Amino acid sequence: MENIKLTGTYELHNKVEIPCVGFGTWQVPDGETAADAVIHAIESGYTHIDTASVYHNEIGVGAGIRMSGAAREKLFVTSKLWNDVRGYEETLKAFDASLKRLDLDYLDLYLIHWPRPLAFRDTYQEANRKTWRAFEHLLEKGYVRAIGVSNFLPVHMEGLLKSARVVPMVNQIEFHPGWMQPEAVGFCREHKILVEAWSPLGSGKLLEDPQLNRLGQKYDRSAAQVCLRWCLQKGHLPLPKSVTPGRIKENLELFDFAISDEDMGVIDKLECVGRTGSDPENAKF
(Lines give C-alpha, C1' and ligand atoms only; values in the text may rest on other atoms or scores of the structure.)
Protein backbone atom coordinates (compact mmCIF):
# COMPACT_ATOMS: atom_id res chain seq x y z
CA MET A 1 0.00 0.00 0.00
CA GLU A 2 2.92 2.35 0.55
CA ASN A 3 3.37 2.57 -3.26
CA ILE A 4 0.10 4.40 -3.87
CA LYS A 5 -0.43 8.00 -2.89
CA LEU A 6 -3.63 9.34 -1.39
CA THR A 7 -3.79 11.74 -4.34
CA GLY A 8 -4.39 8.80 -6.68
CA THR A 9 -1.40 9.51 -8.90
CA TYR A 10 2.02 8.10 -9.63
CA GLU A 11 5.00 10.29 -10.46
CA LEU A 12 6.87 9.33 -13.61
CA HIS A 13 10.63 9.69 -13.61
CA ASN A 14 10.35 13.01 -15.46
CA LYS A 15 8.13 14.33 -12.60
CA VAL A 16 4.88 14.19 -14.60
CA GLU A 17 1.92 13.05 -12.48
CA ILE A 18 -0.18 10.25 -13.99
CA PRO A 19 -3.57 9.21 -12.55
CA CYS A 20 -3.08 5.76 -11.02
CA VAL A 21 -6.10 4.11 -12.71
CA GLY A 22 -6.76 4.52 -16.42
CA PHE A 23 -9.86 3.94 -18.53
CA GLY A 24 -9.03 1.49 -21.33
CA THR A 25 -10.84 1.66 -24.68
CA TRP A 26 -9.58 -1.44 -26.53
CA GLN A 27 -12.41 -3.08 -28.50
CA VAL A 28 -14.72 -0.12 -27.80
CA PRO A 29 -16.38 0.72 -31.15
CA ASP A 30 -15.76 4.16 -32.58
CA GLY A 31 -18.43 6.83 -32.77
CA GLU A 32 -21.24 7.14 -30.26
CA THR A 33 -20.26 4.05 -28.26
CA ALA A 34 -16.72 5.29 -27.65
CA ALA A 35 -17.88 8.84 -26.94
CA ASP A 36 -20.52 7.68 -24.46
CA ALA A 37 -18.08 5.35 -22.69
CA VAL A 38 -15.56 8.17 -22.26
CA ILE A 39 -18.27 10.55 -21.03
CA HIS A 40 -19.43 7.96 -18.44
CA ALA A 41 -15.82 7.37 -17.40
CA ILE A 42 -15.10 11.06 -16.85
CA GLU A 43 -18.41 11.54 -15.03
CA SER A 44 -17.44 8.60 -12.78
CA GLY A 45 -14.15 10.26 -11.88
CA TYR A 46 -11.61 8.94 -14.38
CA THR A 47 -9.13 11.53 -15.59
CA HIS A 48 -6.86 9.08 -17.44
CA ILE A 49 -8.06 7.87 -20.87
CA ASP A 50 -6.10 5.28 -22.88
CA THR A 51 -6.55 4.65 -26.61
CA ALA A 52 -4.42 3.69 -29.65
CA SER A 53 -4.43 4.22 -33.38
CA VAL A 54 -5.15 0.53 -34.00
CA TYR A 55 -8.25 0.68 -31.79
CA HIS A 56 -9.82 2.79 -34.57
CA ASN A 57 -11.75 4.81 -32.01
CA GLU A 58 -9.62 7.92 -31.53
CA ILE A 59 -12.30 10.09 -33.17
CA GLY A 60 -14.98 8.82 -30.78
CA VAL A 61 -12.67 9.06 -27.77
CA GLY A 62 -11.81 12.65 -28.67
CA ALA A 63 -15.48 13.48 -29.10
CA GLY A 64 -16.24 12.04 -25.66
CA ILE A 65 -13.49 14.14 -24.12
CA ARG A 66 -14.93 17.31 -25.66
CA MET A 67 -18.55 16.41 -24.85
CA SER A 68 -17.67 15.69 -21.24
CA GLY A 69 -16.89 19.35 -20.66
CA ALA A 70 -13.80 18.43 -18.64
CA ALA A 71 -10.92 20.88 -18.78
CA ARG A 72 -8.16 19.46 -20.99
CA GLU A 73 -5.46 20.15 -18.41
CA LYS A 74 -7.34 17.99 -15.89
CA LEU A 75 -7.17 14.94 -18.17
CA PHE A 76 -4.36 12.53 -19.01
CA VAL A 77 -4.70 11.11 -22.54
CA THR A 78 -2.62 8.29 -24.03
CA SER A 79 -2.38 6.93 -27.56
CA LYS A 80 -0.03 4.48 -29.26
CA LEU A 81 1.91 4.04 -32.49
CA TRP A 82 0.85 0.97 -34.46
CA ASN A 83 3.09 -1.74 -35.89
CA ASP A 84 2.95 -0.72 -39.54
CA VAL A 85 4.82 2.50 -38.78
CA ARG A 86 8.48 2.82 -37.83
CA GLY A 87 11.13 5.42 -38.58
CA TYR A 88 11.63 9.07 -37.68
CA GLU A 89 9.53 10.99 -40.20
CA GLU A 90 6.92 8.23 -40.46
CA THR A 91 6.40 8.29 -36.69
CA LEU A 92 5.96 12.05 -36.61
CA LYS A 93 3.30 11.79 -39.34
CA ALA A 94 1.47 9.00 -37.49
CA PHE A 95 1.52 11.01 -34.27
CA ASP A 96 0.09 14.03 -36.07
CA ALA A 97 -2.69 11.86 -37.52
CA SER A 98 -3.61 10.55 -34.05
CA LEU A 99 -3.63 14.06 -32.65
CA LYS A 100 -5.95 15.22 -35.45
CA ARG A 101 -8.34 12.29 -34.93
CA LEU A 102 -8.48 13.03 -31.21
CA ASP A 103 -8.77 16.76 -31.98
CA LEU A 104 -6.23 17.59 -29.28
CA ASP A 105 -3.27 19.96 -29.16
CA TYR A 106 -1.01 17.52 -27.30
CA LEU A 107 -0.91 14.05 -25.73
CA ASP A 108 0.05 13.29 -22.17
CA LEU A 109 1.61 9.94 -23.08
CA TYR A 110 2.58 8.30 -26.39
CA LEU A 111 3.66 4.66 -26.59
CA ILE A 112 5.24 2.29 -29.12
CA HIS A 113 2.51 -0.34 -29.14
CA TRP A 114 4.50 -3.56 -29.79
CA PRO A 115 8.26 -4.13 -29.87
CA ARG A 116 8.77 -6.60 -32.71
CA PRO A 117 6.10 -6.08 -35.38
CA LEU A 118 5.73 -8.43 -38.30
CA ALA A 119 6.53 -5.70 -40.82
CA PHE A 120 9.92 -5.08 -39.16
CA ARG A 121 10.56 -8.50 -37.62
CA ASP A 122 14.18 -8.83 -38.77
CA THR A 123 15.18 -5.19 -38.24
CA TYR A 124 13.03 -4.26 -35.25
CA GLN A 125 15.85 -3.01 -33.01
CA GLU A 126 17.05 -0.43 -35.53
CA ALA A 127 13.47 0.45 -36.49
CA ASN A 128 12.60 1.05 -32.84
CA ARG A 129 15.69 3.19 -32.32
CA LYS A 130 14.72 5.50 -35.21
CA THR A 131 11.17 5.63 -33.93
CA TRP A 132 12.32 6.45 -30.41
CA ARG A 133 14.29 9.41 -31.74
CA ALA A 134 10.98 10.79 -33.01
CA PHE A 135 9.39 10.16 -29.63
CA GLU A 136 12.22 12.06 -27.94
CA HIS A 137 11.67 14.93 -30.39
CA LEU A 138 7.95 15.04 -29.58
CA LEU A 139 8.78 15.14 -25.88
CA GLU A 140 11.41 17.84 -26.30
CA LYS A 141 9.05 20.05 -28.32
CA GLY A 142 6.16 19.65 -25.86
CA TYR A 143 3.79 17.73 -28.12
CA VAL A 144 3.74 14.98 -25.48
CA ARG A 145 4.35 15.17 -21.73
CA ALA A 146 5.71 11.63 -21.41
CA ILE A 147 6.83 8.81 -23.72
CA GLY A 148 6.97 5.07 -23.28
CA VAL A 149 6.50 1.62 -24.73
CA SER A 150 4.03 -1.23 -24.58
CA ASN A 151 4.58 -5.00 -24.49
CA PHE A 152 8.37 -4.61 -24.31
CA LEU A 153 10.24 -7.46 -22.64
CA PRO A 154 13.74 -6.90 -21.18
CA VAL A 155 15.41 -8.02 -24.42
CA HIS A 156 13.49 -5.35 -26.34
CA MET A 157 14.15 -2.69 -23.71
CA GLU A 158 17.88 -3.41 -23.63
CA GLY A 159 18.14 -2.83 -27.37
CA LEU A 160 16.24 0.44 -27.14
CA LEU A 161 18.27 1.76 -24.21
CA LYS A 162 21.56 1.33 -26.06
CA SER A 163 20.87 4.53 -28.01
CA ALA A 164 18.02 6.22 -26.10
CA ARG A 165 18.67 9.67 -24.67
CA VAL A 166 15.45 9.40 -22.65
CA VAL A 167 14.52 6.26 -20.72
CA PRO A 168 10.86 5.30 -21.31
CA MET A 169 8.60 6.54 -18.52
CA VAL A 170 6.05 3.72 -18.94
CA ASN A 171 5.83 0.12 -20.14
CA GLN A 172 2.26 -1.03 -20.69
CA ILE A 173 2.16 -4.84 -20.45
CA GLU A 174 -0.30 -7.63 -19.79
CA PHE A 175 -0.35 -7.99 -16.00
CA HIS A 176 -2.89 -9.64 -13.72
CA PRO A 177 -3.17 -12.43 -11.15
CA GLY A 178 -1.87 -15.57 -12.81
CA TRP A 179 0.36 -13.60 -15.22
CA MET A 180 2.74 -11.35 -13.29
CA GLN A 181 5.74 -11.18 -15.70
CA PRO A 182 8.40 -10.90 -12.96
CA GLU A 183 11.31 -10.39 -15.36
CA ALA A 184 9.66 -7.51 -17.21
CA VAL A 185 8.40 -5.95 -13.98
CA GLY A 186 11.82 -6.28 -12.35
CA PHE A 187 13.52 -4.60 -15.31
CA CYS A 188 11.03 -1.73 -15.16
CA ARG A 189 11.54 -1.24 -11.44
CA GLU A 190 15.31 -1.20 -11.89
CA HIS A 191 15.00 1.59 -14.48
CA LYS A 192 12.20 3.53 -12.73
CA ILE A 193 9.74 2.71 -15.52
CA LEU A 194 6.10 2.61 -14.41
CA VAL A 195 4.24 -0.61 -15.26
CA GLU A 196 0.77 -0.09 -16.70
CA ALA A 197 -1.38 -3.22 -16.62
CA TRP A 198 -3.50 -3.96 -19.65
CA SER A 199 -6.05 -6.73 -19.25
CA PRO A 200 -5.87 -6.37 -15.45
CA LEU A 201 -8.88 -8.70 -15.17
CA GLY A 202 -7.35 -11.40 -17.38
CA SER A 203 -9.67 -10.55 -20.28
CA GLY A 204 -12.56 -11.16 -17.87
CA LYS A 205 -11.52 -14.71 -17.00
CA LEU A 206 -10.57 -13.74 -13.45
CA LEU A 207 -14.10 -12.63 -12.65
CA GLU A 208 -15.13 -16.28 -12.27
CA ASP A 209 -12.16 -17.35 -10.13
CA PRO A 210 -13.42 -18.92 -6.86
CA GLN A 211 -10.58 -17.58 -4.71
CA LEU A 212 -11.00 -14.03 -5.95
CA ASN A 213 -14.73 -14.24 -5.41
CA ARG A 214 -14.19 -15.49 -1.84
CA LEU A 215 -11.88 -12.55 -1.22
CA GLY A 216 -14.49 -10.28 -2.77
CA GLN A 217 -17.02 -11.50 -0.21
CA LYS A 218 -14.50 -10.95 2.59
CA TYR A 219 -13.90 -7.32 1.57
CA ASP A 220 -17.48 -6.73 0.37
CA ARG A 221 -16.16 -6.06 -3.12
CA SER A 222 -16.39 -7.63 -6.56
CA ALA A 223 -13.69 -9.93 -7.89
CA ALA A 224 -12.83 -7.15 -10.36
CA GLN A 225 -12.27 -4.64 -7.58
CA VAL A 226 -10.06 -7.12 -5.73
CA CYS A 227 -7.92 -7.60 -8.87
CA LEU A 228 -7.61 -3.87 -9.48
CA ARG A 229 -6.80 -3.05 -5.86
CA TRP A 230 -4.20 -5.84 -5.86
CA CYS A 231 -2.60 -4.27 -8.94
CA LEU A 232 -2.45 -0.87 -7.24
CA GLN A 233 -0.92 -2.31 -4.10
CA LYS A 234 1.75 -3.96 -6.28
CA GLY A 235 2.66 -0.42 -7.37
CA HIS A 236 1.30 -0.71 -10.91
CA LEU A 237 -1.35 1.16 -12.90
CA PRO A 238 -4.40 -0.85 -13.99
CA LEU A 239 -6.32 -0.03 -17.19
CA PRO A 240 -9.76 -1.62 -16.84
CA LYS A 241 -12.20 -1.27 -19.71
CA SER A 242 -15.97 -1.46 -19.94
CA VAL A 243 -18.83 0.21 -21.78
CA THR A 244 -21.31 -0.51 -18.95
CA PRO A 245 -21.83 2.61 -16.80
CA GLY A 246 -22.18 0.64 -13.56
CA ARG A 247 -18.97 -1.31 -14.11
CA ILE A 248 -17.10 1.78 -15.28
CA LYS A 249 -17.94 3.39 -11.92
CA GLU A 250 -17.26 0.23 -9.89
CA ASN A 251 -13.80 -0.20 -11.39
CA LEU A 252 -12.74 3.13 -9.90
CA GLU A 253 -14.06 2.47 -6.39
CA LEU A 254 -10.74 1.16 -5.10
CA PHE A 255 -9.52 3.68 -2.55
CA ASP A 256 -11.63 2.98 0.53
CA PHE A 257 -10.37 -0.53 1.23
CA ALA A 258 -7.03 -2.34 1.39
CA ILE A 259 -6.07 -5.98 0.89
CA SER A 260 -4.08 -7.52 3.74
CA ASP A 261 -0.51 -8.71 3.17
CA GLU A 262 -1.68 -12.27 3.70
CA ASP A 263 -4.37 -12.01 1.06
CA MET A 264 -1.99 -10.24 -1.32
CA GLY A 265 0.20 -13.33 -1.01
CA VAL A 266 -2.74 -15.59 -1.81
CA ILE A 267 -3.48 -13.62 -4.99
CA ASP A 268 0.20 -13.62 -5.94
CA LYS A 269 0.16 -17.42 -6.01
CA LEU A 270 -2.87 -17.80 -8.29
CA GLU A 271 -2.06 -19.71 -11.48
CA CYS A 272 -5.53 -19.64 -12.95
CA VAL A 273 -5.18 -17.69 -16.19
CA GLY A 274 -1.75 -17.27 -17.75
CA ARG A 275 -1.23 -15.04 -20.76
CA THR A 276 -4.45 -13.99 -22.50
CA GLY A 277 -2.85 -11.84 -25.23
CA SER A 278 -0.07 -12.29 -27.76
CA ASP A 279 3.58 -13.11 -27.10
CA PRO A 280 5.57 -9.89 -27.75
CA GLU A 281 8.38 -11.89 -29.37
CA ASN A 282 6.14 -13.66 -31.86
CA ALA A 283 2.98 -11.62 -32.30
CA LYS A 284 1.46 -12.22 -35.75
CA PHE A 285 0.90 -8.56 -36.52
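## Aromatic pairs, core and sheet in a predicted model

In this predicted model, one aromatic cluster is formed by Phe 95, Tyr 110, Trp 132 and Phe 135. Tyr 110 has contacts that reach well along the chain: leaving out residues up to four places away in sequence, Tyr 110 touches, among others, Ser 79, Lys 80, Leu 81, Phe 95, Phe 135, Leu 138, Val 144 and Ile 147. Together with Leu 107, Tyr 110 is also one of the residues with the most contacts inside the largest nonpolar core, which has 82 residues. The largest share of this core, eight residues, is supplied by helix H8 (residues 223-233). In soluble globular proteins, nonpolar side chains tend to be buried together.

The count of aromatic pairs comes to eight, and two of them are set out below.

| Pair | Centre to centre | Angle between planes | Geometry |
|---|---|---|---|
| Trp 114 and Phe 285 | 5.1 Å | 80° | edge-to-face |
| Tyr 219 and Phe 257 | 6.2 Å | 50° | tilted |

Trp 114 belongs to the loop between S6 and H4, while Phe 285 belongs to the segment after helix H10 (261-268), so this pair ties together parts that are 171 residues apart in sequence.

The open sheet consists of eight strands in the order S3-S4-S5-S6-S7-S8-S9-S10, with parallel pairing. Strand S3 (23-24) and strand S10 (237-238) stand at its edges and have a single partner strand each, so one side of each lacks a neighbour in the sheet. Within the sheet, strand S6 (residues 109-112) and strand S7 (residues 147-150) run parallel and are joined by three bridges, and Ile 112 stands opposite Val 149 in S7.

Helix H5 (residues 154-161) has His 156, Met 157, Gly 159 and Leu 160 among its residues, and these are buried. Seen down the axis of H5, the buried residues fall within an arc of 160°, so they line one face of the helix. Their cover includes H4, S7, strand S8 (170-174) and helix H6 (182-190).

Glu 136, in helix H4 (residues 124-140), is buried with a relative accessible area of 3%. Apart from residues up to four places away in sequence, Glu 136 touches Ile 147, Ala 164, Arg 165 and Val 166, and a polar atom of the Glu 136 side chain lies 2.6 Å from the backbone nitrogen of Arg 165. Ser 98, in helix H3 (residues 88-102), is likewise buried, at 1% relative accessibility, and touches Ser 53, Glu 58 and Ser 79 when residues up to four places away in sequence are not counted. Glu 250, in helix H9 (residues 245-250), counts as partly exposed at 26% relative accessibility. Beyond its neighbours within four places in sequence, Glu 250 is in contact with Ser 222, Ala 224 and Gln 225, and its side chain is joined to that of Ser 222 by a polar contact of 2.9 Å.

Key:
Residues numbered from 1 in each chain as written. Predicted model: local features only at pLDDT ≥ 70, side-chain atom pairs only at ≥ 80, totals over all residues. Heavy atoms only, no water. Helix = DSSP H or I, 4+ residues; strand = E, 2+ residues; numbered from the N terminus. Buried < 20%, exposed > 50% of the residue type's maximum accessible area, 1.4 Å probe, protein only. Contact = heavy atoms within 4.5 Å. Polar contact = N/O pair within 3.5 Å; in protein donor to acceptor, adjacent residues only side chain to side chain. Core = buried A, V, L, I, M, F, W, Y, C linked by side-chain atoms within 4.5 Å. Pairing = 2+ DSSP bridges. Arc of directions from axis to C-beta. Phe/Tyr/Trp six-rings, centres within 6.5 Å; stacked < 30°, edge-to-face > 60°.
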